[in-house]
Amino acid sequence: MKYFILFGPPGAGKGTQATAMVENYNLRHISTGELLRKEIADGTELGLKAKSLIDAGALVPDEIVEGMIESVFRKTTGVNGFLLDGFPRTVAQADALDAMLAKNSEEVTAVVSIMIPDEMIRERIKHRASIEGRADDANDDTISNRIRTYHDKTEPLVEYYKGKGKYHEIDGTGTIEDVRKAIAALMDRF
Ligand code: AMP
């Protein structure tokens with residue numbers, strides 16, 4: 001099985017690019033953000049716990065997202081692999097993912113990182129807010145916190161995966177089509 005990680009700051013275009021990636025390579029898309037929003041919409045206990053953290057632009061506890069990921073791995077059949085979108089977001093989650101995969105003698109195939117500069121993050125999130133209506137896209141304090149959380153907790157993963165020789169960066173500032181082509185050229189190598 002292939003395990004691709006779609007990495008990048010909020011607003012980099014991960015969700016936008018994921019659709020073509022999963023179709024072209026027959027992957028199962030797992031977005032932890034989407035799974036959490038579904039829990040909230042369904043009014044589950046987990047959703048209730050996650051909501052205040054998401055609304056504040058903070059991360060939900062590692063064990064929650066790790067459990068979600070492992071459960072989808074276990075249930076999914078008939079695909080060539082997985083596209084992890086928004087996971088891992090901390091070094092602890094990356095270690096947990098390695099451990100999960102190692103149990104079945106598997107490993108992360110590649111990290112596809114879509115990179116945009118900080119000043120573009122805010123612009124892209126504001127634009128998405130007008131289209132998707134996500135509560136955490138609409139509030140300036142929440143956006144600031146998400147950017148800070150990304151730099152503090154998630155960006156260390158760049159060095160983590162570089163150290164393992166798995167990190168591949170794509171320039172996310174171009175058009176959707178430019179970025180799509182760059183990702184396809186990269187993924188064709190695996
Ligand atoms: P996203 O849709 O990926 O932007 O995620 C929306 C929000 O869900 C994030 O701001 C976090 O609060 C939460 N979230 C999503 N994925 C994770 C994760 N891997 N670890 C912790 N929190 C997460």
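**Note on the ligand site and selected local features**

1. The shell around the ligand is made up of 7 nonpolar, 4 polar and 4 charged residues, where Ala, Val, Leu, Ile, Met, Phe, Trp, Tyr, Cys and Pro count as nonpolar, Asp, Glu, Lys and Arg as charged, and the others, Gly among them, as polar. This is a predicted model, in which local features need pLDDT of at least 70 and side-chain atom pairs count only at pLDDT 80 or more, while totals for chains, interfaces and linings use all residues. Residues are numbered from 1 along each chain as its sequence is written, and side-chain values use heavy atoms, with hydrogens and water left out.

2. Thr32, Arg37, Ala58, Gly86 and Gln93 come nearest among the 15 residues around the ligand, a residue being near if one of its heavy atoms lies within 4 Å. Helix 2 (residues 32–42) supplies the largest share of this shell, 4 residues; helices here are DSSP runs of H or I with at least four residues, and strands are runs of E with at least two, numbered from the N terminus.

3. Polar contacts are pairs of N or O atoms within 3.5 Å. A polar side-chain atom of arginine 37 lies 2.9 Å from a ligand oxygen atom, and an N or O atom in the side chain of glutamine 93 is 2.9 Å from a ligand nitrogen atom. Valine 60 contributes a backbone N or O atom, 3.1 Å from a nitrogen atom of the ligand. The ligand taken alone exposes 480 Å², of which the protein buries 96%, by the Shrake-Rupley method with a 1.4 Å probe.

4. The count of salt bridges comes to 14, each being a side-chain nitrogen of Lys or Arg within 4 Å of a carboxyl oxygen of Asp or Glu. Lysine 103 and glutamate 70 form one, with their closest N and O atoms 3.1 Å apart. This pair links distant parts of the chain, 33 residues apart, with lysine 103 in the loop between helix 5 (91–102) and strand 4 (110–115) and glutamate 70 in helix 4 (residues 62–75).

5. The peptide bond from phenylalanine 87 to proline 88 is cis, with omega near -5°.

Terms used:
A polar contact is a pair of N or O atoms within 3.5 Å; within protein, one must be able to donate a hydrogen and the other to accept it, and residues adjacent in sequence count only if both atoms are side-chain atoms.
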